Amino acid sequence: SDSVTPSKVAGSSEVVEKQEVPKFQIIPAAEGTWGYLVEVDGQKILQTTIPGLPGKLGFRKKEDAEVTATLVWRKMKAGVFPPVVTKFELDSMKIRQ
């Protein structure tokens, strides 16, 4: 039978606990906006403007910087370099200038 034993359940929860937490810092940017610093395996991305959009200002909301930094971190962990963020991705995360 395919019944789940307690040991299998415990094993699967251990996998969840070992998932890596995204590493980044949210940093102040121009005119009260926010940017981020993401580091993966010695590679650093410092972003003080919203990627994929024109302009010289960062994110208006700290949370938007956090969501975008997490996306960049995931791309870098997956071996994507440079970890380009597209306007479509920003739109899907509801991030605006």
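Two strands count as paired if DSSP finds at least two bridges between them. Strands (E, at least two residues) and helices (H or I, at least four) are DSSP runs numbered from the N terminus. By these terms, β2 and β3 form a hairpin with two residues between them, and aspartate 41 in the turn has a positive phi of about 50°.

The model is predicted: local features need pLDDT of at least 70, side-chain atom pairs count only at pLDDT 80 or more, and totals for chains, interfaces and linings use all residues. Residues are numbered from 1 along each chain as its sequence is written, and side-chain values use heavy atoms, with hydrogens and water left out.

**Sheet**
- The open sheet has three strands in the order β1-β2-β3, with antiparallel pairing.
- β1 (24-28) and β3 (43-47) are the edge strands, each pairing on one side only.
- Neighbouring strands are turned by 15° against each other on average, direction ignored; axes are lines fitted to C-alpha atoms, for helices over the stretch in contact, and angles run from 0 to 180 degrees between N-to-C directions.
- Five bridges join β2 and β3 in the antiparallel sense.
- Glutamate 39 has lysine 44 in β3 as its bridge partner, and valine 38 has isoleucine 45 in β3.
- Helix α2 packs on the sheet and touches β1, β2 and β3; the direction of α2 makes about 20° with that of β2.

**Nonpolar core**
- A nonpolar core is a set of buried Ala, Val, Leu, Ile, Met, Phe, Trp, Tyr and Cys residues joined through side-chain atoms within 4.5 Å; buried means under 20% relative accessible area, exposed over 50%, and partly exposed in between (1.4 Å probe, protein chains only).
- The largest such core has 16 residues, of which Tyr36, Val38, Phe59, Val72, Met76 and Leu90 touch the most other members.
- β2 (34-40) and α2 (62-77) each supply at least two residues of this core, and α2 gives the most, with six.
- Beyond four places in sequence, phenylalanine 59 has contacts (heavy atoms within 4.5 Å) that include Trp34, Tyr36, Ile50, Asp64 and Ile95.

**Aspartate 64**
- Aspartate 64 lies in helix α2 and is buried, yet has no salt bridge.
- A salt bridge is a side-chain nitrogen of Lys or Arg within 4 Å of a carboxyl oxygen of Asp or Glu.
- The nearest side chain of opposite charge to aspartate 64 is lysine 61, 4.4 Å away; Lys and Arg count as positive and Asp and Glu as negative, with His and the chain ends not counted.
- Not counting residues up to four places away in sequence, aspartate 64 touches Phe59 and Ile95.
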